Amino acid sequence: MREFTRRGVLGLGSAVVAGVVGCQSFPGHGDLGRTVPGLPGPKLIGDGSTADTGPQPNQPTSPVRLQPGEVPPQFVVFSWDGAGEVGNGLFPRFLKVARDHRASMTFFLSGLYLLPETKRHLYRPPKNRVGASDIGYLRDENIRGTLRYIREAWLDGHEIATHFNGHFCSGSGSVANWTSADWHEEIRQSVSFVANWRTNTGFTGVDPLPFDYRRELIGGRTPCLLGQEALLPTAVELGWRYDASSPGGLQTWPVKKAGVWDFPLQGLPFPGHSFEVLSMDYNILANQSKNTTRGVPANYPAWRTQAIGAYVGGFRRAYETNRAPLFIGNHFEEWNGGIYMDAVEEAIKIMGNHKDVRLSSFRQFADWLDAQDPQVLSKLRSLAPGQSPTGGWNTYLKAS
(Lines give C-alpha, C1' and ligand atoms only; values in the text may rest on other atoms or scores of the structure.)
Protein backbone atom coordinates (compact mmCIF):
# COMPACT_ATOMS: atom_id res chain seq x y z
CA MET A 1 0.00 0.00 0.00
CA ARG A 2 1.35 3.40 -0.94
CA GLU A 3 2.14 5.86 1.78
CA PHE A 4 -0.40 8.68 2.11
CA THR A 5 1.55 11.89 1.57
CA ARG A 6 -1.06 14.34 0.33
CA ARG A 7 -0.48 17.34 2.62
CA GLY A 8 0.07 15.02 5.58
CA VAL A 9 -2.43 13.06 7.65
CA LEU A 10 -2.20 13.29 11.42
CA GLY A 11 -3.90 11.57 14.31
CA LEU A 12 -5.87 12.83 17.29
CA GLY A 13 -3.90 15.35 19.28
CA SER A 14 -1.69 16.43 16.37
CA ALA A 15 -1.68 19.89 14.88
CA VAL A 16 -3.63 20.70 11.73
CA VAL A 17 -1.42 20.71 8.66
CA ALA A 18 -2.77 22.42 5.55
CA GLY A 19 -6.30 21.34 6.28
CA VAL A 20 -5.66 17.62 6.67
CA VAL A 21 -5.42 15.86 10.01
CA GLY A 22 -4.85 13.50 10.75
CA CYS A 23 -23.83 -21.09 17.74
CA GLN A 24 -25.31 -21.29 21.24
CA SER A 25 -26.02 -17.92 22.70
CA PHE A 26 -25.29 -17.40 26.37
CA PRO A 27 -28.19 -16.20 28.52
CA GLY A 28 -29.15 -12.54 28.46
CA HIS A 29 -27.15 -9.55 29.64
CA GLY A 30 -28.23 -9.81 33.26
CA ASP A 31 -27.73 -13.56 33.65
CA LEU A 32 -23.97 -13.94 33.77
CA GLY A 33 -23.84 -14.45 37.51
CA ARG A 34 -26.49 -17.15 37.53
CA THR A 35 -26.84 -20.69 36.33
CA VAL A 36 -29.59 -21.80 34.00
CA PRO A 37 -31.21 -25.24 34.26
CA GLY A 38 -29.75 -27.56 31.64
CA LEU A 39 -26.87 -25.19 30.82
CA PRO A 40 -23.49 -24.92 32.48
CA GLY A 41 -22.76 -21.72 34.37
CA PRO A 42 -19.94 -19.40 33.38
CA LYS A 43 -16.43 -20.52 34.27
CA LEU A 44 -15.07 -17.67 36.36
CA ILE A 45 -11.49 -16.58 35.71
CA GLY A 46 -9.16 -15.25 38.39
CA ASP A 47 -11.02 -13.06 40.87
CA GLY A 48 -14.24 -13.38 38.90
CA SER A 49 -13.82 -10.17 36.91
CA THR A 50 -14.11 -12.18 33.71
CA ALA A 51 -15.60 -15.52 32.77
CA ASP A 52 -15.35 -18.09 30.01
CA THR A 53 -18.89 -18.30 28.62
CA GLY A 54 -18.07 -20.17 25.43
CA PRO A 55 -18.09 -18.97 21.84
CA GLN A 56 -19.08 -15.37 21.31
CA PRO A 57 -22.71 -15.06 20.21
CA ASN A 58 -24.04 -13.11 17.24
CA GLN A 59 -21.11 -13.82 14.93
CA PRO A 60 -21.29 -14.21 11.15
CA THR A 61 -20.93 -17.61 9.55
CA SER A 62 -17.41 -18.84 8.92
CA PRO A 63 -15.84 -16.86 6.06
CA VAL A 64 -15.32 -18.50 2.70
CA ARG A 65 -13.12 -17.65 -0.24
CA LEU A 66 -14.34 -15.44 -3.02
CA GLN A 67 -15.34 -17.48 -6.03
CA PRO A 68 -13.84 -16.64 -9.46
CA GLY A 69 -15.46 -13.47 -10.76
CA GLU A 70 -17.38 -12.83 -7.56
CA VAL A 71 -17.79 -9.23 -6.43
CA PRO A 72 -16.04 -8.62 -3.08
CA PRO A 73 -18.31 -7.52 -0.25
CA GLN A 74 -17.97 -3.94 0.93
CA PHE A 75 -16.61 -3.99 4.47
CA VAL A 76 -17.12 -0.98 6.74
CA VAL A 77 -15.61 -0.96 10.22
CA PHE A 78 -16.79 1.58 12.77
CA SER A 79 -14.54 1.71 15.82
CA TRP A 80 -14.56 3.62 19.11
CA ASP A 81 -11.47 4.89 20.91
CA GLY A 82 -11.58 4.65 24.72
CA ALA A 83 -15.04 3.04 24.85
CA GLY A 84 -15.87 4.39 28.28
CA GLU A 85 -19.34 5.29 29.56
CA VAL A 86 -19.02 8.85 30.84
CA GLY A 87 -22.70 9.52 31.43
CA ASN A 88 -23.61 11.12 28.11
CA GLY A 89 -25.60 8.14 26.84
CA LEU A 90 -23.53 7.66 23.69
CA PHE A 91 -22.35 4.12 24.41
CA PRO A 92 -25.88 2.68 24.75
CA ARG A 93 -27.06 4.87 21.89
CA PHE A 94 -24.68 3.25 19.44
CA LEU A 95 -25.26 -0.24 20.78
CA LYS A 96 -28.89 0.31 19.77
CA VAL A 97 -27.91 1.78 16.40
CA ALA A 98 -25.78 -1.31 15.77
CA ARG A 99 -28.67 -3.64 16.63
CA ASP A 100 -31.06 -1.69 14.41
CA HIS A 101 -28.72 -2.05 11.43
CA ARG A 102 -27.22 -5.49 12.14
CA ALA A 103 -23.78 -3.98 12.58
CA SER A 104 -20.74 -5.24 14.44
CA MET A 105 -18.13 -2.75 15.65
CA THR A 106 -14.79 -2.64 17.43
CA PHE A 107 -14.50 -1.00 20.85
CA PHE A 108 -10.95 0.01 21.76
CA LEU A 109 -11.24 -0.08 25.55
CA SER A 110 -8.87 2.07 27.61
CA GLY A 111 -7.78 -0.11 30.53
CA LEU A 112 -7.75 2.82 32.96
CA TYR A 113 -11.51 3.18 32.52
CA LEU A 114 -11.87 0.13 34.80
CA LEU A 115 -9.41 1.39 37.43
CA PRO A 116 -10.67 3.71 40.20
CA GLU A 117 -8.66 6.88 40.73
CA THR A 118 -8.08 5.81 44.33
CA LYS A 119 -6.04 2.94 42.87
CA ARG A 120 -4.11 5.03 40.36
CA HIS A 121 -0.87 4.03 42.10
CA LEU A 122 -1.32 0.60 40.50
CA TYR A 123 -0.66 2.14 37.08
CA ARG A 124 3.02 2.46 36.28
CA PRO A 125 3.13 3.94 32.78
CA PRO A 126 6.34 3.65 30.78
CA LYS A 127 8.41 6.85 30.80
CA ASN A 128 5.86 8.64 33.02
CA ARG A 129 5.31 9.01 36.76
CA VAL A 130 3.27 6.47 38.68
CA GLY A 131 -0.46 7.06 38.27
CA ALA A 132 -0.06 9.62 35.52
CA SER A 133 -2.58 9.74 32.70
CA ASP A 134 -3.50 12.23 29.98
CA ILE A 135 -7.09 11.02 30.13
CA GLY A 136 -9.16 11.20 33.28
CA TYR A 137 -9.99 8.33 35.58
CA LEU A 138 -13.70 7.53 35.74
CA ARG A 139 -16.02 7.85 38.71
CA ASP A 140 -17.34 4.63 40.23
CA GLU A 141 -20.76 5.00 38.60
CA ASN A 142 -19.09 5.45 35.21
CA ILE A 143 -16.88 2.40 35.74
CA ARG A 144 -20.05 0.43 36.49
CA GLY A 145 -21.62 1.78 33.31
CA THR A 146 -18.54 0.91 31.27
CA LEU A 147 -18.61 -2.65 32.60
CA ARG A 148 -22.29 -2.94 31.76
CA TYR A 149 -21.93 -1.76 28.18
CA ILE A 150 -18.68 -3.60 27.43
CA ARG A 151 -20.44 -6.76 28.61
CA GLU A 152 -23.48 -5.93 26.50
CA ALA A 153 -21.33 -5.11 23.48
CA TRP A 154 -19.52 -8.46 23.53
CA LEU A 155 -22.77 -10.39 23.90
CA ASP A 156 -24.18 -8.44 20.95
CA GLY A 157 -21.22 -9.65 18.85
CA HIS A 158 -18.89 -6.63 18.95
CA GLU A 159 -15.13 -6.86 19.39
CA ILE A 160 -13.39 -5.62 22.55
CA ALA A 161 -9.87 -4.48 21.65
CA THR A 162 -7.54 -2.01 23.39
CA HIS A 163 -6.71 1.70 23.37
CA PHE A 164 -4.06 0.96 26.02
CA ASN A 165 -4.08 3.16 29.16
CA GLY A 166 -2.74 6.66 29.75
CA HIS A 167 -3.02 8.17 26.27
CA PHE A 168 0.33 9.98 26.31
CA CYS A 169 0.77 11.99 23.12
CA SER A 170 3.35 14.67 23.93
CA GLY A 171 6.60 15.28 25.78
CA SER A 172 9.35 12.82 26.57
CA GLY A 173 6.82 10.30 27.87
CA SER A 174 4.84 10.23 24.63
CA VAL A 175 4.02 6.81 23.23
CA ALA A 176 5.92 7.97 20.15
CA ASN A 177 9.11 7.45 22.21
CA TRP A 178 8.21 4.08 23.69
CA THR A 179 10.22 0.94 23.02
CA SER A 180 8.78 -2.47 22.24
CA ALA A 181 9.45 -3.41 25.88
CA ASP A 182 7.46 -0.35 26.98
CA TRP A 183 4.52 -1.44 24.86
CA HIS A 184 4.71 -4.93 26.31
CA GLU A 185 4.46 -3.51 29.83
CA GLU A 186 1.61 -1.17 28.89
CA ILE A 187 -0.38 -4.03 27.39
CA ARG A 188 0.29 -6.24 30.41
CA GLN A 189 -1.15 -3.55 32.66
CA SER A 190 -4.10 -2.87 30.39
CA VAL A 191 -5.06 -6.54 30.41
CA SER A 192 -4.60 -6.65 34.19
CA PHE A 193 -6.96 -3.72 34.76
CA VAL A 194 -9.65 -5.47 32.73
CA ALA A 195 -9.01 -8.91 34.20
CA ASN A 196 -8.92 -7.67 37.82
CA TRP A 197 -11.52 -4.90 37.98
CA ARG A 198 -13.38 -6.71 40.76
CA THR A 199 -10.37 -6.65 43.08
CA ASN A 200 -9.47 -3.08 42.15
CA THR A 201 -12.98 -1.66 42.51
CA GLY A 202 -14.39 -3.82 45.27
CA PHE A 203 -17.69 -3.87 43.41
CA THR A 204 -20.17 -6.56 44.41
CA GLY A 205 -23.36 -7.56 42.66
CA VAL A 206 -21.81 -6.81 39.24
CA ASP A 207 -21.65 -9.57 36.64
CA PRO A 208 -18.26 -10.58 35.23
CA LEU A 209 -17.26 -9.65 31.72
CA PRO A 210 -18.28 -12.70 29.64
CA PHE A 211 -14.93 -13.32 27.97
CA ASP A 212 -11.31 -14.11 28.69
CA TYR A 213 -9.65 -10.84 27.73
CA ARG A 214 -6.27 -12.47 27.23
CA ARG A 215 -7.80 -14.55 24.43
CA GLU A 216 -10.17 -11.86 23.22
CA LEU A 217 -7.49 -9.25 22.67
CA ILE A 218 -6.03 -9.48 19.15
CA GLY A 219 -5.49 -5.84 18.20
CA GLY A 220 -5.53 -2.21 19.22
CA ARG A 221 -5.15 1.43 18.29
CA THR A 222 -2.45 3.56 19.87
CA PRO A 223 -3.08 7.04 21.29
CA CYS A 224 -2.89 9.73 18.61
CA LEU A 225 -1.89 7.06 16.08
CA LEU A 226 1.68 7.19 17.39
CA GLY A 227 4.27 4.49 18.04
CA GLN A 228 3.19 1.72 15.69
CA GLU A 229 6.70 0.81 14.57
CA ALA A 230 7.84 -0.07 18.10
CA LEU A 231 4.49 -1.68 18.94
CA LEU A 232 4.50 -4.20 16.09
CA PRO A 233 7.26 -6.52 17.42
CA THR A 234 5.31 -6.81 20.68
CA ALA A 235 2.06 -7.35 18.78
CA VAL A 236 3.70 -10.23 16.91
CA GLU A 237 5.06 -11.70 20.14
CA LEU A 238 1.59 -11.58 21.69
CA GLY A 239 -0.03 -13.18 18.67
CA TRP A 240 -2.05 -10.13 17.67
CA ARG A 241 -3.63 -10.34 14.26
CA TYR A 242 -4.01 -6.67 13.37
CA ASP A 243 -3.11 -3.15 14.38
CA ALA A 244 -5.15 -0.01 13.66
CA SER A 245 -2.52 2.59 14.57
CA SER A 246 -1.20 3.71 11.20
CA PRO A 247 -1.12 7.52 10.99
CA GLY A 248 -2.99 7.55 7.71
CA GLY A 249 -3.68 5.45 4.64
CA LEU A 250 -5.48 5.29 1.34
CA GLN A 251 -8.74 3.56 0.48
CA THR A 252 -7.00 0.46 -0.82
CA TRP A 253 -7.00 -3.18 0.27
CA PRO A 254 -4.75 -3.71 3.32
CA VAL A 255 -1.36 -5.33 3.64
CA LYS A 256 0.45 -6.88 6.56
CA LYS A 257 3.26 -5.20 8.47
CA ALA A 258 5.63 -7.60 10.24
CA GLY A 259 3.00 -10.31 9.79
CA VAL A 260 0.17 -8.24 11.33
CA TRP A 261 -2.73 -6.80 9.33
CA ASP A 262 -2.38 -3.03 9.04
CA PHE A 263 -5.78 -1.31 9.25
CA PRO A 264 -5.17 2.45 8.93
CA LEU A 265 -7.60 5.29 9.15
CA GLN A 266 -7.99 6.58 5.61
CA GLY A 267 -8.10 9.78 3.63
CA LEU A 268 -11.65 10.53 2.47
CA PRO A 269 -12.99 13.13 0.01
CA PHE A 270 -13.75 16.26 2.04
CA PRO A 271 -16.74 18.17 0.63
CA GLY A 272 -15.90 21.74 -0.32
CA HIS A 273 -12.13 21.12 -0.29
CA SER A 274 -9.48 19.90 -2.71
CA PHE A 275 -7.74 17.80 -0.02
CA GLU A 276 -8.83 14.69 1.86
CA VAL A 277 -9.56 14.32 5.55
CA LEU A 278 -8.68 11.42 7.83
CA SER A 279 -11.61 9.12 8.59
CA MET A 280 -12.00 10.04 12.26
CA ASP A 281 -14.42 12.42 13.97
CA TYR A 282 -11.67 14.47 15.64
CA ASN A 283 -9.84 15.05 12.38
CA ILE A 284 -12.97 16.40 10.73
CA LEU A 285 -13.47 18.63 13.77
CA ALA A 286 -9.88 19.85 13.56
CA ASN A 287 -10.47 21.06 10.04
CA GLN A 288 -13.83 22.63 10.80
CA SER A 289 -13.23 24.34 14.14
CA LYS A 290 -9.42 24.20 14.36
CA ASN A 291 -9.20 21.81 17.33
CA THR A 292 -11.88 23.72 19.26
CA THR A 293 -14.53 21.29 20.45
CA ARG A 294 -17.10 24.07 20.89
CA GLY A 295 -17.14 26.04 17.69
CA VAL A 296 -19.73 28.59 16.59
CA PRO A 297 -23.15 26.89 16.91
CA ALA A 298 -24.41 28.58 13.77
CA ASN A 299 -21.91 26.42 11.83
CA TYR A 300 -23.10 23.12 13.28
CA PRO A 301 -25.70 22.24 10.60
CA ALA A 302 -23.25 22.80 7.73
CA TRP A 303 -20.45 20.96 9.54
CA ARG A 304 -22.75 18.03 10.25
CA THR A 305 -23.67 17.83 6.56
CA GLN A 306 -20.00 18.05 5.61
CA ALA A 307 -19.07 15.22 8.00
CA ILE A 308 -21.82 13.00 6.59
CA GLY A 309 -20.58 13.88 3.10
CA ALA A 310 -17.04 12.79 3.95
CA TYR A 311 -18.14 9.43 5.35
CA VAL A 312 -20.66 8.69 2.60
CA GLY A 313 -18.37 10.02 -0.13
CA GLY A 314 -15.59 7.69 0.96
CA PHE A 315 -18.05 4.83 1.14
CA ARG A 316 -19.41 5.41 -2.35
CA ARG A 317 -15.94 5.81 -3.83
CA ALA A 318 -15.04 2.33 -2.57
CA TYR A 319 -18.42 0.66 -3.05
CA GLU A 320 -18.71 1.74 -6.68
CA THR A 321 -15.08 0.99 -7.64
CA ASN A 322 -12.37 -1.07 -5.88
CA ARG A 323 -14.51 -2.24 -2.91
CA ALA A 324 -11.66 -1.41 -0.51
CA PRO A 325 -12.72 -1.58 3.15
CA LEU A 326 -13.68 1.66 4.87
CA PHE A 327 -12.40 2.30 8.41
CA ILE A 328 -14.04 5.04 10.49
CA GLY A 329 -12.81 6.02 13.96
CA ASN A 330 -14.91 7.71 16.63
CA HIS A 331 -15.07 8.87 20.24
CA PHE A 332 -18.04 8.96 22.62
CA GLU A 333 -17.89 12.75 22.69
CA GLU A 334 -20.38 15.56 22.10
CA TRP A 335 -17.93 17.83 20.32
CA ASN A 336 -19.51 20.76 18.48
CA GLY A 337 -22.95 19.97 19.77
CA GLY A 338 -22.74 16.26 19.05
CA ILE A 339 -22.79 16.70 15.27
CA TYR A 340 -20.19 13.97 14.67
CA MET A 341 -22.27 11.41 16.53
CA ASP A 342 -25.26 12.40 14.41
CA ALA A 343 -23.11 12.12 11.28
CA VAL A 344 -21.90 8.63 12.20
CA GLU A 345 -25.44 7.43 12.90
CA GLU A 346 -26.67 8.81 9.58
CA ALA A 347 -23.73 7.22 7.75
CA ILE A 348 -24.49 3.82 9.31
CA LYS A 349 -28.11 4.10 8.16
CA ILE A 350 -27.10 4.97 4.61
CA MET A 351 -24.35 2.37 4.26
CA GLY A 352 -26.35 -0.40 5.86
CA ASN A 353 -29.07 -0.07 3.23
CA HIS A 354 -26.74 -0.98 0.36
CA LYS A 355 -26.40 -4.47 -1.06
CA ASP A 356 -23.34 -6.55 -0.19
CA VAL A 357 -22.29 -4.26 2.66
CA ARG A 358 -20.87 -5.84 5.82
CA LEU A 359 -20.75 -3.59 8.87
CA SER A 360 -18.14 -5.61 10.72
CA SER A 361 -15.53 -5.51 13.46
CA PHE A 362 -11.82 -5.54 12.74
CA ARG A 363 -11.66 -9.11 14.06
CA GLN A 364 -14.36 -10.26 11.65
CA PHE A 365 -12.66 -8.51 8.75
CA ALA A 366 -9.31 -10.11 9.63
CA ASP A 367 -11.07 -13.50 9.68
CA TRP A 368 -12.38 -12.85 6.16
CA LEU A 369 -8.99 -11.71 4.84
CA ASP A 370 -7.25 -14.77 6.28
CA ALA A 371 -9.70 -17.04 4.45
CA GLN A 372 -8.98 -15.54 1.02
CA ASP A 373 -6.66 -16.69 -1.75
CA PRO A 374 -3.45 -14.62 -1.44
CA GLN A 375 -3.40 -14.13 -5.22
CA VAL A 376 -6.89 -12.65 -5.12
CA LEU A 377 -5.88 -10.27 -2.34
CA SER A 378 -2.85 -9.25 -4.37
CA LYS A 379 -5.06 -8.34 -7.33
CA LEU A 380 -7.38 -6.39 -5.07
CA ARG A 381 -4.45 -4.42 -3.69
CA SER A 382 -3.43 -3.34 -7.19
CA LEU A 383 -6.59 -1.20 -7.46
CA ALA A 384 -6.04 2.43 -6.49
CA PRO A 385 -8.66 4.50 -4.64
CA GLY A 386 -11.59 5.07 -6.97
CA GLN A 387 -10.24 2.61 -9.58
CA SER A 388 -12.72 0.12 -10.97
CA PRO A 389 -11.55 -3.36 -12.00
CA THR A 390 -10.71 -3.55 -15.68
CA GLY A 391 -13.48 -5.36 -17.53
CA GLY A 392 -15.62 -5.63 -14.39
CA TRP A 393 -15.28 -8.00 -11.47
CA ASN A 394 -16.19 -11.12 -13.45
CA THR A 395 -13.24 -10.52 -15.77
CA TYR A 396 -10.82 -9.01 -13.28
CA LEU A 397 -10.94 -11.78 -10.69
CA LYS A 398 -11.77 -14.66 -13.04
CA ALA A 399 -8.12 -15.25 -13.89
CA SER A 400 -7.22 -15.49 -10.21
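In the predicted model, helix H6 (residues 228-237) has as its buried residues Gln228, Ala230, Leu231, Leu232, Thr234 and Ala235; buried denotes under 20% relative accessible area, exposed over 50% and partly exposed the range in between, with a 1.4 Å probe and protein chains only. Helices (H or I, at least four residues) and strands (E, at least two) are DSSP runs numbered from the N terminus. The buried residues of H6 pack against helix H3 (180-195) and strands E6 (242-243), E7 (256-257) and E8 (260-262), contact being heavy atoms within 4.5 Å. Just after H6, Gly239 adopts a positive phi of about 80 degrees.

Residues are numbered from 1 along each chain as its sequence is written. Local features require pLDDT of at least 70 and side-chain atom pairs pLDDT 80 or more, whereas totals for chains, interfaces and linings use all residues; side-chain values use heavy atoms, without hydrogens and water.

Rings of Phe, Tyr and Trp (its six-membered ring) pair if their centres lie within 6.5 Å, with planes under 30 degrees apart classed as stacked, over 60 as edge-to-face and the rest as tilted. The count by this rule is 31 aromatic pairs. Phe91 and Tyr149 form a tilted pair, 5.6 Å centre to centre with 35 degrees between the planes. Because Phe91 belongs to helix H1 (residues 90-100) and Tyr149 to helix H2 (residues 140-156), this pair ties together parts 58 residues apart in sequence. Both Phe91 and Tyr149 are buried. Tyr300 and Trp303 form a tilted pair at 6.2 Å and 40 degrees; both lie in helix H8 (residues 300-319), 3 residues apart, about one turn of the helix.
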